[in-house]
Amino acid sequence: MGRRPVFLAILAAALLLVPAAPASSASPSRFDLDSADIPALQARMAAGRLSAVGLTGLYLDRIHRVDGKVNAVLAVNPAALGQARESDARRRAHRLRGPLDGIPVLVKDNVGTRDQWTTAGSRALRSHPAKDATLITRLRDAGAVILGKANLSEWANFRAAKPTSGWSGVGGQTNNPYVLDHNPCGSSAGSAAGVAASLAQVAIGSETDGSIVCPAGMTATVGHKPSLGLVSRTGVVPISAEQDTAGPIARNVVDVALTLSALQGRDPADPATAQYPRTQPTDYAKLLRPGVLRGARIGLWRLPVLGPQTDAVMTSARNSLVKAGATVVEVTPPYQDRLGELEFPALLTEFHRDIDAYLATCPQGPRNLAGLIAYNRADPLERTCFAGQELFEQALAAPPPTDPGYLAGRAELSDLARRSLDETLAKYHLDAIASPTNPPAWKTDCATGDDDVIPSSTPAAVAGYPDVTVPAGFAGPLPVGISFMGARWSDGRMLALAADFERVAPARVPPRYLPTLPR
């Protein structure tokens, strides 16, 4: 799945086709990809100052120049430039498909695409391209350019007892663009790091528990873990149908909102998508109005276990919320210890069930979890960083999904997660619960694996409720995010609150690609 020969051919064609422009701010050479949002890009294209081919060429060039430091892009899509040409043709014919038309999107490599491999980072799945996942069909229908595949934590971080986030057997280690020897968190590591490094306008990640919001927080990007059921999971390599969802990552809230609007939709192959209300918004960007925080009630869950630097960022965020007119109440949602006890055993059973079903549809490679375990034992490259596969082995031995103990544990787990948020929101009459998304990134070390992280994402992830993270500040050069969690289907409200926080407390600065922390 080597990317360089294909990449160079695409890049050469793209650069030849970048439109000429006068020596002004319209010139692609002076165009600031980092600060541009989708509305600004569409305005430039409407004015004839940029084309989809030109924009795609700029991103391809940046991948070529920058990704050697970050290692976020597993492979560029050889069809990307053709998709950009098609978008430009639609623009000339006045047949644009919406705000994502011509916008380059990077896709986590556990999401099926017909024009590239879909490996979940595992060498065992290097085979023919998968069918398009339903969410990819929706992106194509919206006119988006599928720029390429992003690296990830192999099997979405559900393989080893001490994993190293951002490492996969196919792609190697993704680095945090703010401090390169530090970790980007998992498992949507390449998606978040790629967007942070301006290697794509938007990226798609996926989450079972923290795998969108944690990497977004650690790379000063915006990530949205949607309410379970807004976005189809068909064609996405699973961990658990009870918790998995895909969602967007971008450098600003408006791009996330526009992308969610394109991703959202019902899918007969994913029954969860039949559950969202008919009154659910279809254009989330229209909800992003200044002043939404004024009069809002926000519960601040500090999580001091994440350390004094993170808590200092939360104090600053609290002051910004109050200054914007919000009432802030400090809270601690209940049942967190019990959630921690119940979640892992449930995921073991669900992973065995769901990965066996997924592998049975693959044209090549292992046919079930037992086959994956055997493959990893036989491939020394699969043991170079994720040395073990303890979670695979435990899942293979886990009780079946018909087991009464499993059924009782999952029912209690889901109930307590929902009550944890619902009871806190009701008790304090809150619009949202805000919490630190992440501690400062730790130093990447395959020998020790990730630092233990106490995520605030667990109740929202288990309950299937929305969680939006936005940059809140820095601990030295390392980003810290703030998450806004709310009731089920309150995605629009969470995006609006996050956008207003982004407006009143702008925290993001571009990465400097420091080799290591300054002494």
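This is a predicted model: local features need pLDDT of at least 70, side-chain atom pairs count only at pLDDT 80 or more; totals for chains, interfaces and linings use all residues.
Is Cys214 buried or exposed? With a relative accessible area of 7%, Cys214 is buried, because the cut-off for that class is under 20%.

The structure holds 2 of them. Cys214 is joined to Cys185, with an S to S distance of 2.0 Å. Cys185 lies in the loop between strand E5 (172-173) and helix H6 (189-196), while Cys214 belongs to helix H7 (residues 213-218), so this pair ties together parts that are 29 residues apart in sequence. The torsion about the S-S bond of Cys185 and Cys214 is about 95 degrees, and the disulfide is therefore right-handed. Cys185 also counts as buried, at 5% relative accessibility.

The other disulfide links Cys385 to Cys446, S to S 1.9 Å. Here the angle about the S-S bond is -95 degrees, and the link is left-handed. Cys385 is found in the loop between helix H11 (369-378) and helix H12 (390-396), and Cys446 in the loop between E11 and helix H14 (458-463), so the pair connects parts 61 residues apart in sequence. Cys385 is buried, with a relative accessible area of 4%, whereas Cys446 is partly exposed at 36%. With the bonded cysteines of the protein chain numbered in sequence order, the pairing reads 1-2, 3-4.

I turn now to the sheet. It is an open sheet of 11 strands, in the order E1-E3-E2-E6-E8-E7-E12-E13-E11-E9-E10, with mixed pairing. Strand E1 (73-76) and strand E10 (327-330) each have a single partner strand, so one side of each is left without a neighbour in the sheet. From one strand to the next, the twist averages 30 degrees. Within the sheet, strand E7 (residues 222-225) and strand E12 (residues 467-475) run antiparallel and are joined by 3 bridges; Gly223 stands opposite Thr469 in E12. Helix H9 (residues 308-323) lies across strand E9 (297-300), E10, strand E11 (432-436), E12 and strand E13 (478-485), and runs at about 50 degrees to E13.

As for Leu135, its contacts beyond neighbours within four places in sequence include Val111, Ile204, Val231 and Leu263.

Methods:
Residues are numbered from 1 along each chain as its sequence is written. Side-chain values use heavy atoms; hydrogens and water are left out. Contact means heavy atoms within 4.5 Å. Two strands pair if DSSP finds at least two bridges between them. Helices (H or I, at least four residues) and strands (E, at least two) are DSSP runs, numbered from the N terminus. Axes are lines fitted to C-alpha atoms, for helices over the stretch in contact, and angles run from 0 to 180 degrees between N-to-C directions. A disulfide is a pair of cysteine sulfur atoms within 2.5 Å. Buried means under 20% relative accessible area, exposed over 50%, partly exposed in between (1.4 Å probe, protein chains only).
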